[in-house]
Amino acid sequence: MNHRHTPLFQTLAHFHNSGPISFHVPGHKNGLLFPANAREFFDSILKLDMTELPGLDDLHAPTEAIAEAESMAADFFQADHTFFLVGGSTAGNLAMILATCSAGDKVIVQRNSHKSVMNGLELSGVRPVFIAPEYDHAVDRYTNPSLNTLRKALHQHLDAKAVVLTYPDYFGKTYAIKQMIDEVHTYDMPVLMDEAHGVHFSLGSPFPPSALNLGADVVVQSAHKMAPAMTMASFLHMKSELVSKERMARFLQMIQSSSPSYPLLASLDIARMFLATMEAEDVYNITHSASTVREILHAPDNWEILPTDDPLKITLHMKSGIAAKDIAYLFERRNIYPELVTHNQILFIHGLTPFANVYPLKNAVKSVGDQLKNLDNHATIEITKLITQDIQELALSYQEMNQSPYKQVSLHEGIGHIAAEAVIPYPPGIPVILKGEQITRPHIKIIENLIERGVNIQQKDLSIRVYT
Ligand SMILES: Cc1ncc(COP(=O)(O)O)c(C=O)c1O
């Protein structure tokens, strides 16, 4: 296959160049009608913003350019089939759960999954069996569940219909997933993988392997996170005897727009071409540049740089007492914007291109270090006590939750009650309290500490909905 070819993008460009006259949606009429002050920014993208016209194919029943572009992606990523997504990995995570499980089915799920996975569980009305991640002291956060925890859950819940895992984590940390996938397959259950942060893993060494190449049945990747694709553009790859492609297509059709964005779809075609045509020298230059950035960000008096499996993820771990939010703010004031700030870590993502702004970054690191002595100290957060059970089911089923009345109480009054809403610091979007879980004192302590450190949580008014 010639991976320089971009069938969907080329079809759209060719269509635009043929000078079509629009008597159809969208209302900007191929870019003719657009407010002048915004035109400069939107002009070129509007040329591609078409609808399902003859020759432009249909995402929900593709036979032409979209089908060809999807099959080229499947070829590069080594999937049996690839679906293009315009609703982010969020849409993929919802679809993969809905397509494999029915209401009342048990599903084994990593406890620290993204909220889109949690929403998929609720939408499909399954009975989740949560498996706890280990607390990895080397990176000072919860990472992945151990093989033993997974084995125990499989053994206790032989009737589960699927296992949902996340690999890598937001910070590029991977784990020995092959053994886990093989173990799950001995029970004839599919492995559904949220690989939102790993689209570039198919480039091969020095990146870790993709779960798709290690036997996962369904793998969802946000192309927009690490590859040059537009925000929301994602892939759902399938390689499975256990999951039905037709069911997946049906749910994707329900979840995604009936007017999917062609610029987003074309950007997936381009992202695949970009990844597939990278040379070893390009990868070397990028990882070399990432090491340089890592060295620049090295400021051992103020923070350490955590180990990672993905060379493009650079995580600063604050010295105790320093709020990561305060440091991130100092960088932002110098026009340097990291990806993610937790209470004690800041994630910088290096792109798939050598970094050019070395001097501004060096100056910023120095200036942030100089200003650090003026910052307040904060109490440390006992986050290691957040998850106490290695295998956990919810106190109520989603069906029961739907029918139960709830009330709003203060966080402290909530202790001992069952949460009627999840508490999710964002980013990274991983719940501290699950909807349907009994609220404990450590939960509340952690939430208060997170709020104090400026972490973004919806429950800012210190109240929470609980079932009565
Ligand atoms: C682990 C994980 N899964 C899924 C998602 C959702 O991805 P998207 O933004 O492509 O919908 C995210 C978003 O940050 C994520 O971190």
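User: Which residue just after H12 takes a positive phi?
Analyst: Asn335 does, with a phi of about 70°. Bear in mind that this is a predicted model.

User: And H12 itself, which of its residues are buried?
Analyst: H12 covers residues 324-333, and the buried ones are Ala324, Ile327, Ala328, Leu330 and Phe331. Viewed down the helix axis, these buried residues lie within an arc of 155°, so they line one face of H12.

User: What covers them?
Analyst: The cover includes two helices, H11 (280-297) and H13 (358-371). It also includes strands E10 (303-305), E11 (313-318), E12 (340-341) and E13 (345-349).

User: Switching to the ligand. Which residues around it come nearest?
Analyst: There are 15 residues around the ligand, and the nearest are Thr90, Asp194, His197, Ser222 and His224.

User: Which side chains have an N or O atom by a ligand oxygen, and at what distance?
Analyst: For His197 the distance from a side-chain N or O atom to a ligand oxygen is 2.7 Å. His224 also has a side-chain N or O atom 2.7 Å from an oxygen of the ligand. For Lys225 the value is 3.0 Å.

User: How much of the ligand does the protein bury?
Analyst: The protein buries 90% of the 390 Å² that the ligand exposes when taken alone.

User: Which elements give two or more residues to that shell?
Analyst: Helix H4 (88-100) and helix H8 (223-226) do. H4 gives the most, with 4 residues.

How values were computed:
Residues are numbered from 1 along each chain as its sequence is written. This is a predicted model: local features need pLDDT of at least 70, side-chain atom pairs count only at pLDDT 80 or more; totals for chains, interfaces and linings use all residues. Side-chain values use heavy atoms; hydrogens and water are left out. A residue is near a molecule or strand if one of its heavy atoms lies within 4 Å of it. A polar contact is a pair of N or O atoms within 3.5 Å; within protein, one must be able to donate a hydrogen and the other to accept it, and residues adjacent in sequence count only if both atoms are side-chain atoms. Accessible areas come from the Shrake-Rupley method with a 1.4 Å probe; for residues, only the protein chains shown count as cover. Buried means under 20% relative accessible area, exposed over 50%, partly exposed in between (1.4 Å probe, protein chains only). The arc is that of the directions from the helix axis to the C-beta atoms. Contact means heavy atoms within 4.5 Å.
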